[in-house]
Amino acid sequence: MSALKLLTGIGLEETTARSALENPTLLSALIAIIQEAGVDSGCDKHIGKLLYTVAARYINGDRPQHLSTVLSYIASGKMRSHQLEAALEYITAARRKSINLTKFEKACGIGKSMPVEDVKAAVDTVINRNKEKLLAERYAAFKMSSLVAQVRELQPHADHRDVKAALDGQLYELLGEKTGDAHKSRKANKARVPEQLPEEDLDPFSSFPSPLDNTGPHVDVELSDGTVFRPSNSREKLEKHLSATGGAVVTRFPPEPNGYSHLGHGKAMGMNFGFACGANGKCYLRLDDTNPEGESDEFTANIQDMVQWLGWKPFKVTYCSDYFEELYEKAVELIKRGYAYVDHQTPAEVKEYREKLLESPWRNRPIDESLELFEKMRAGAVPEGQATLRMKQDMKSNNGNMLDLVAYRIKFASHPRTKDKWCIYPTYDYSHCIVDSLENITHSLCTLEFETRRVSYYWLLDKLDMYLPYVWEYGRLNVSNNLLSKRKLKYLVDKQMVDGWDDPRLLTLAGLRRRGVPPNAINNFCRALGRTRSDNLISTDLVDHFVREELNKTAPRTMVVFQPLKVTIINFEGHEQDQVVEAKRFPDANSPTYKIPFTKTIYIERTDFREHDSKDYYGLSKGKSVLLRYAFPITCVDYICVDGEVVELLATYDPLKAIKPKGVIHWVPEAAPGTKELTVEVRLFGKLFKSEDPRLHSNWLEDFNPQSKEVINDAVALHCLKDVKCGDCFQFERKGYFVVDRDSSSRKTVFNRIVALKSSFRG
């Protein structure tokens, strides 16, 4: 059986299958997974999609020991997509331990039968929550998947068929039959965006608890000793919190200043600032500066600049380092309460002991001894790498984030803000939740890779008897033919494979700004993604769509010829030298216009002429006519070659416009007597990586596209572009949208292509 037939046989779309064929590493992993699952002869599309997800996850071979168990559940049809992530997390945490299938199924929700009455009650809650909007907009108010997702927030293990049936029934009871208007509205919305958006069009914000009701419980987890961990805010803690906030929603955007902000941070800003704005609340910009070695003032400045550029206004700008003293005091308190200890294991020993679920030899040392050593660590009396402060959590837990995480490490490095005041620095796992509580954050929103940290987040706050914010995770943004990893972006920058952090090929926000992308386009794109927990790969075409939508309203039209070919109009008379034509700045009827001289010599694109004509070609050829944009029809009567290359066309023009050619081309007139043509540099940017998803390559650098930048040095432009300034955007007709780059000088203007046009010219 061919590989293509094998992949389509498990229900993969042919385009997905062919993409896998082009990636040998993914193909090998996927075939192995299919064979191990025993579905070589084919399976349901749903099963195939889950197997593909597993293969992509473990493409580099670092698979958990119990993956075969998950594959057997998938192949039997017992596991649904929303259960897979929980299953993979469970077996990853289990490591080499044997797993109890009953506990495994309970954790994943497999085989859990939800009473129909409970499903109907959840549906009733969702319908009532959205009743006002449903009555106003009827069936056009929500996609069904949005309502299903809200029900799943309440009953995550409910059967999809029961949810769908209950929703259909209650919607019919509330709204009656669907009307044509509803279908028309939905159809119009689909037509507006060319790419399919994520399957879940989820609005989880409406299901978040009010700050006034944030009591919990926040998690419900069985610990290894059999006790159930169900932390919640006491009424006393909640009242103290509310007295500080006045009951307002308080969120935070907490980037680490170890690189430039990228498009994923744009989405995170939209989540955190957007939720706070929508609730008339406040959002902090908090710089998570706990690692002095990788941070710099340059990165901090970029983050603040990008927040402002996207239009967000922080309630306050804070730094984790603002709280270093409080964090230290909390660590001392944690030691005194018996929940932290100073450890001397090396990183390799910590890794080995965690894998074997063994306690450190120093775990149960006396509290006074840990207090004394921790004070010495702060004083700089302990060498770097000789000690850490670890939290005393649950060393038998299935969750790796409960295996005595490091709270403090020694780093003799100068901090950008605190300089040499500290030589011990808190980790993210220790500081993040504490600072959330200190800043009275009501809703802590982060990406899905932090979901397994939720238990340790609440464990630490619970042990310190601090206020518990509500935590929710959303899907990380991934964009085709790109990477959104600061570590990998930094590698490209450091190795000079790109032209700095603001290279227009990168999806850093600085790179997007330099490429000419308007901030509104980024915000609109992020809003269109929805508030979903899905980990999707979004096509760059969708990003481009929102960029075009914005620029089409704001970028004036002009004409630039990239590869000029001289055309001499032989019937152009001398008395016509002052002839001009009017061109539109924008496509609408009331657009302002500008004047272009029509001259005896003009320049057209070399690609708009062919020596050999064909029926499907609408450009120039000998004996053939085209319409010059905004001007007259011209007919090529001959051409001149030098050394086999066409260097000039001879043409006639029709001043009466009696000829009606099918093709329309752009052009540029010759310069006025005594002046030179305006030549400009044009930079065209392609896809930074050759494959759709470079994350799936075992060596992502091999997928880098060295041909992703093309420079055209001597394009000819209209003279109206002579006095442009950096940041000015234009539509070059038939070519795309372009922006003036900061590399421009008095000698030459440089234009970056922002995005190509949708091609309407058939030449």
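Colleague: What does the charged end of Arg513 sit over?

Modeller: In this predicted model, the charged end of Arg513 sits over the ring of Trp309, 5.6 Å from its centre. A charge has to be within 6 Å of the ring centre to count, and within 35 degrees of the ring normal.

Colleague: Which ring face does Arg629 lie over?

Modeller: That would be Tyr630, with Arg629 at 4.4 Å from the ring centre.

Colleague: And how many aromatic pairs does the structure hold?

Modeller: It holds 36 aromatic pairs. Tyr284 and Phe315 form one of them.

Colleague: What makes the pair of Tyr284 and Phe315 edge-to-face?

Modeller: The centres are 5.3 Å apart, and the planes are at 90°. Centres within 6.5 Å make a pair, and planes over 60 degrees apart make it edge-to-face, so both tests are passed.

Colleague: Why do you say this pair ties parts together?

Modeller: Because Tyr284 lies in strand E4, while Phe315 is in the loop between helix H15 and strand E5, and those parts are 31 residues apart in sequence.

Colleague: Is Tyr284 buried or exposed, and how do you know?

Modeller: Buried: Tyr284 has 10% relative accessibility, and the cut-off is under 20%. Phe315, at 40%, counts as partly exposed, because that class runs between 20% and 50%.

Colleague: Why is the pair of Phe609 and Tyr639 edge-to-face?

Modeller: Their planes are at 65°, with the centres 5.4 Å apart, so it's edge-to-face. Phe609 is in the loop between strands E19 and E20, and Tyr639 is in strand E21, so this pair ties together parts 30 residues apart in sequence.

Terms used. Residues are numbered from 1 along each chain as its sequence is written. This is a predicted model: local features need pLDDT of at least 70, side-chain atom pairs count only at pLDDT 80 or more; totals for chains, interfaces and linings use all residues. Side-chain values use heavy atoms; hydrogens and water are left out. Rings of Phe, Tyr and Trp (its six-membered ring) pair if their centres lie within 6.5 Å; planes under 30 degrees apart count as stacked, over 60 as edge-to-face and the rest as tilted. Helices (H or I, at least four residues) and strands (E, at least two) are DSSP runs, numbered from the N terminus. Buried means under 20% relative accessible area, exposed over 50%, partly exposed in between (1.4 Å probe, protein chains only).
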